[in-house]
Amino acid sequence: MKKIAFMGLDYAGKTSIITAITKRFGFEEEILNLLPTRKIARDAFKFLGIEFTRLDFGGQLQYREEYLKHPTKYISGTDLLFYVIDAQDYDRYVETIDYLDQILLFLKEDQEYPPLCILLHKFDPELTREKVINQRVLTIKQALLRYSHDFDIFFFETSIYDIKSIMDAFSSGLSLLFDKIEMVSRLFSRISKNYNSILMALFDSKGITIGEYYRPHLHLTEKIRIYDKYLEVQKRILTENRKRLEFSDKFDDGNRYSGLVEALKFGNLDFYLLFIIEEDEEHLEKTIEVLDKLESAKAQMESIIIELIQ
Ligand SMILES: Nc1nc2c(ncn2[C@@H]2O[C@H](COP(=O)(O)OP(=O)(O)OP(=O)(O)O)[C@@H](O)[C@H]2O)c(=O)[nH]1
Ligand SMILES: [Mg+2]
């Protein structure tokens, strides 16, 4: 059993993030009505056959004081730490750094060095181009880099209005606990070269990314658009009880793409493969050929996954 902790100040967005990860769609209303978490909320999930407990540490002052008073009881044994910062709340940057300081001080004394994912959260899509928040986020990152002597630190900018940003941060964090997981992305990058694909990704049944390859320079808006489309198709596969769905859509610039989502089973675990290629409108049969050829890649994927879950 592995332990994943979500920590940070009150109102940072920890419970919202966990809700978004578990629901992935239709969570907006629930998030608007969240109450502050009392003490620690736990849930459990499985990823690649391993059991995880996820701890959502309520961030109100009285709880923070309690955790820091008895850190061995609460913080010890953390395998992966997500530290959530409200990037919009500049007034509390000092307070949040101070809390993180104390958590890491304890971990260091205890000689525990879990990987640390720092989420600069509430970095909403409409803010990504705003100068002030970008500057502030850069400053806080620089301030936090001092921990990188002791800890492996990874930064993510996230927002509940961009579900992909949240799934990416969570998936990347989890992947740090699996040595061989990057083999999947490497395989995808190899395969993609042969097919000139735009994107290839493998998700577990809960939408956590096992591996992915994106064509270089693919725009963020296109990535988000594809991911939204994926969520929609995956939902249809479930409700219509299908194994495979092909679809076709276009980007904002008018270029069309063809895609395929296929439900796969490796061992007793369910996965979803997403494959997107540019559509060759004059030679549609070529597109179909490529989608079929993908069959041969599945055997390789399967052997990697089997190795991963052992
Ligand atoms: N603009 C914006 N608001 C967000 C985002 N994520 C969460 N919120 C809002 O932030 C508020 C606090 O979110 P919570 O998830 O309850 O915060 P928490 O960190 O769990 O707080 P405690 O349980 O007290 O520690 C809620 O009103 C959310 O709607 C985001 O990405 N962008
Ligand atoms: Mg909470």
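Helix α1 gives the most to the shell around ligand 1, with three residues. The model is a predicted one, in which local features need pLDDT of at least 70, side-chain atom pairs count only at pLDDT 80 or more, and totals for chains, interfaces and linings use all residues. Residues are numbered from 1 along each chain as its sequence is written, while chains are lettered from A and ligands numbered from 1 in the order in which they are written.

**Ligand shell**

Around ligand 1 there are 21 residues, of which Thr15, Ser16, Pro36, Thr37 and Gly59 come nearest. The elements that give two or more residues to this shell are α1 (14-23) and α2 (28-32). A residue is near a molecule if its C-beta atom, placed from the backbone, lies within 6 Å of it. Helices (H or I, at least four residues) and strands (E, at least two) are DSSP runs, numbered from the N terminus. By residue class, the shell around ligand 1 holds seven nonpolar, 10 polar and four charged residues. Here Ala, Val, Leu, Ile, Met, Phe, Trp, Tyr, Cys and Pro count as nonpolar, Asp, Glu, Lys and Arg as charged, and the others, Gly among them, as polar.

**Chain and domains**

The chain has 11 helices and 11 strands. For 310 residues, a compact globule would have a radius of gyration near 19 Å, and the chain, with 21 Å, agrees with this. That radius is taken over C-alpha atoms, and the globule rule is 2.2 Å times the number of residues to the power 0.38. Along the principal axes, the C-alpha atoms fill a box of roughly 65 × 45 × 35 Å. Buried residues make up 33% of the 310 residues; a residue is buried if 20 or more other C-beta atoms lie within 10 Å of its own, exposed if 12 or fewer, and partly exposed in between, with C-beta atoms placed from the backbone. Among contacts between residues at least 6 apart in sequence, 67% join residues at least 24 apart, a contact being two C-beta atoms, placed from the backbone, within 7 Å.

The domain assignment gives domain 1 (2-177) and domain 2 (181-308), with bounds that come from an automatic or database domain assignment. Their C-alpha centres lie 29 Å apart. Across the boundary, 14 residues of domain 1 are in contact with 12 residues of domain 2. On the domain 1 side, β2 (40-47) and α7 (163-175) are the elements that give two or more residues, and α7 gives the most, with seven. This side divides into seven nonpolar, three polar and four charged residues.

**Strand β1**

Strand β1 (residues 2-8) is mostly covered, as five of its seven residues are buried. Its pairings are listed below; two strands pair if DSSP finds at least two bridges between them.

| Partner of β1 | Bridges | Direction |
|---|---|---|
| β3 (residues 50-57) | five bridges | parallel |
| β4 (residues 80-86) | five bridges | parallel |

**Asp150**

Asp150 lies in the loop between α6 (131-144) and β6 (153-157). Asp150 counts as partly exposed because it has 13 C-beta neighbours inside 10 Å. Leaving aside neighbours within four places in sequence, Asp150 is in contact with Lys108 and Tyr113. Tyr113 is 37 residues away from Asp150 along the chain, and their C-alpha atoms are separated by 7.4 Å.
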